[in-house]
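Dear colleague,

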Amino acid sequence: MTMFHFLNCAILTFGPHAVYYSATPLSIILTSFLQQIRLVCLATFLKVSESDSFDPYQVLFVQSLSGIVESFDWVRRCCGLYFALTQLTHRNISQNHKFQAVGLGWAFADSVLHRLAPLWVGARGLEFTWDFVLQGLEANANLVLCLSLAALGSLIWLRKNKPKTLIPIIYACAGIVATMPSITSYLKRGLGWHFPKVVGFELFTSLVMAFISWQLFTACQRPSN
Amino acid sequence: MFVEPVYSSLITLLIIVVACAELCDAVTVVDVYRLVQYDLGGVPLGSRLAALNHHAGSSLYLSSAGAAADLSRTVLILPVRELNLTFIRDYIGQRKPLGGLLLLLPPVFSPQHSDSGGGADQDSAKDLVKEVLIEVERLLIHANIPYPVYFGFEDEAVHAMLGDVKKNDITGQPATATTGGYKLVVAAPEPRKVASPAIINIQGWLPGLKADGDSNQLPTIAIVASYDTFGAAPALSVGSDSNGSGVVALLEIARLFSILYSNPKTRGRYNLLFVLTSGGPYNYNGTHKWLRSMDQRLRETIDYAICLNSIGSSSNELWLHVSKPPENAYIKQIFEGFSTVSEELGLKVGLKHKKINISNPRESQMLSFICLALRTGYVPICMVSWEHEQFSRLRVTAATLSELSVAPDFLESTGGLSDNRNFINEASISRSVKLVAESLARHIYGQQGKSIDIFADHSSLSINPSYIRSWLEFLSTTPRVAPFLSKNDPLIVALKKELADHTVEVNVQQELLDGMFTFYDSTSGRLHIYQVASVTFDLILLLVLASYLIVLFSFLVILTRGLDDLISLFRRPSSRKVKTA
């Protein structure tokens, strides 16, 4: 039962990445994909090194300091994404699909680093909790968010002829998506929301953001066609 | 430039992993105490297993599923408060298979629990549970149980779990791998025999005043109490009444007489011998060995011995048990001395005579003794019911002072589960101390019949209730089963030191417990309660996930390559067939 549960949660956490990889025409760029992973890992490490805790026991000064650090979090993510998008060596795929590879690699690396270890240690135990299933759902939401962020990022940096009216919307959406981890950790620690509630919020916002970024992407694609 | 953040992030990751590793073991953990496991004359008795790893079940499952229920992979959780005695008797008597048994005791029976003292209702409920507990203990001690039996105390976590288990059991489904529920795990190693179970006797010698030119040996009076216990759960056998009360009384009497004897002017013409014996439940083995090892001349100087056994209950009646007939002059003298003092104290002391029997009247033990004799060649000569009978066998006058009017059966009233601090009365112990000390002092100083109060209240020789209380507290939180006590055990060292404070010479005698008894270790453990999901749940989750992934795959294929591509994925083999044909 315990290995079984671990298998289930692993499928939930990493399955969508594999499915996405196999469903979309990205299978031809395996080597560049690995290169992406490397870049993305580095960017993720930069992300992890921040202190993402809204610890109520900390002094106000330190809290504001961590707030400032938080505000740099989206800067870091964007930087990582920029490097990943622009430094791709193989150009076998079109610009349209590059962002998908980046987003997928990003989300996969994020899941592996943040969720594999707790999963391996915890889900194999005898005691049953819903935590790991919720963590898997969170990984799914994260995948969608990463893809949206990658799409918006590619719109910002790789597309030169964007409709003027949409530019601020694009930047705003990118900002929201990039700061999503900070928002969720604030909800968890600052407001004290329970895990299922937080996961529900993440899923909802990720779907909304994905829809918006899809609309933006198609809107920007129309003039170039 | 990138090394530093990588380093710190790796450390963060490690901390996360470690934190998760600790959090994931956050299950309910309860301290539990195992039923005693021992061999009596080669016959295995008690619970023979220690490790436990089965699903939890309650008594409701049996009533709903009927007699055909198979519980060999279930641990039955039975609160003693609601225990059905006939059910337990049947189950153990007919040796029905069971995965394990967990008996839950009310917190009042815990050695750490101090009773705040409820009303009369609570007392009667307490007494009722006590009766049930004594009966269950007797059943379990004398049965050979091939599965682990543990005792635990009721608390909120266990209550919640039991409530859940009962809810599941009402439907009649056994809690197994397919239906989920709770799993109880005790990780205990295989119980091993206790290598050389020791009996340790501690004696303190207080010499009397020898007048100049007096070549004769002074007579000796011995005060004896056995300090070790035996019960269903050795880790819980604190024996406050049997025989913590006797030990405490002996120490207080020793303290009072040491004050008297410290000054040569008030030193009596009797030597005093205070003996704390071990092996009490095992036919007073320690007393027997101590007497045999004693110098015969010293033994002959013993005028009489008073053995103290269970003097802590609230009743106003005590019994003096003797082996010599009541018409004997010595016995008459001793009894009269006690009666006079008891009248003054408002106590009632009765005299009970019981002849020593060479033949064993208890048939259940006769069989085991025959087996033992055939197996080892050791033939126990006689089973004694009281400690003084060991003295009487060697023709030393002795008596036992006890609140029990009838001799307890073998391994009964030896400090079991229900014998703890909350059922004992300190004032009774003080009174019994006064009774013994006063009678002895009047005899020693030749003051019988005179109205004198040697150990009067508010004098320098008054009984010290706080001394009694502190020693009682100490003994009531220390399990004292002899095979598990070594010579360096803190209890033995403390008793030795205390006697050394009050007497002139202290001797510790260490002997091996008779071969009749073999004990096994692993007396306590930690019970982990896991809430487990059933296999059905995992299968359903797998199905849901598989369908979710298939839907996701189809959705993405349609989105990126079009619906035709998706259909073509499934039509490929058939189209190839068409082409080759």
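Asn243(B) has its place in helix α6 of chain B, which covers residues 240–262, and the bond that joins Ser242(B) to Asn243(B) is a cis peptide bond, with omega at about 0°. Please bear in mind, here and below, that this is a predicted model.

Two other residues of chain B deserve a careful look at their backbone angles. Asn283(B) is not a glycine and yet has a positive phi of about 65°; you will find Asn283(B) in the loop between β12 (271–277) and α7 (285–293) of chain B. Is Asn283(B) buried or exposed? Its relative accessible area is 13%, and because buried means under 20%, Asn283(B) counts as buried. Leu411(B), also a residue other than glycine, has a positive phi near 65°, and its place is in the loop between β16 (398–402) and α12 (426–444) of chain B. With a relative accessibility of 7%, Leu411(B) is counted as buried too.

As for chain B as a whole, it contains 16 helices and 19 strands, and 52% of its 581 residues count as buried. If you consider the contacts in chain B with a separation of 6 or more, 82% of them are between residues 24 or more positions apart. The accessible surface of this chain comes to about 26800 Å², and carbon and sulfur atoms account for 56% of that area.

Towards the end of your reading of chain B, please turn to residues 539–563, which UniProt lists, in an unreviewed entry, as "transmembrane region". In the model this stretch of chain B is 96% helix and 0% strand, with its end C-alpha atoms 31 Å apart.

Which residues form the nonpolar patch on the surface? They are Phe211(A), Trp214(A), Phe555(B) and Leu559(B), which together have about 460 Å² of accessible area. Helix α8 (195–224) of chain A and helix α15 (535–561) of chain B each supply at least two residues of this patch. Phe211(A), which lies in helix α8 of chain A, is partly exposed, with a relative accessible area of 49%.

A word on confidence in chain A, where the mean pLDDT is 72 and 62% of the residues reach 70 or more. Among the elements of this chain, helix α1 (residues 2–23) has the highest mean pLDDT, 85, while helix α3 (residues 60–86) has the lowest, 54. Over residues 47–63 of chain A the pLDDT is below 50, although this stretch has 30 contacts in the model beyond near neighbours in sequence.

With best wishes

Terms used: Residues are numbered from 1 along each chain as its sequence is written. Chains are lettered from A and ligands numbered from 1 in the order in which they are written. This is a predicted model: local features need pLDDT of at least 70, side-chain atom pairs count only at pLDDT 80 or more; totals for chains, interfaces and linings use all residues. Side-chain values use heavy atoms; hydrogens and water are left out. Patches are made of residues with over 30% relative accessible area and no salt bridge: like charges are joined within 9 Å, nonpolar side chains (Val, Leu, Ile, Met, Phe, Trp, Tyr) within 5 Å. Accessible areas come from the Shrake-Rupley method with a 1.4 Å probe; for residues, only the protein chains shown count as cover. A salt bridge is a side-chain nitrogen of Lys or Arg within 4 Å of a carboxyl oxygen of Asp or Glu. Helices (H or I, at least four residues) and strands (E, at least two) are DSSP runs, numbered from the N terminus. Buried means under 20% relative accessible area, exposed over 50%, partly exposed in between (1.4 Å probe, protein chains only). UniProt positions are given in the numbering used here, feature names are shortened, and annotations may be inferred rather than shown by experiment. pLDDT is the predictor's confidence in each residue, from 0 to 100. Contact means heavy atoms within 4.5 Å.
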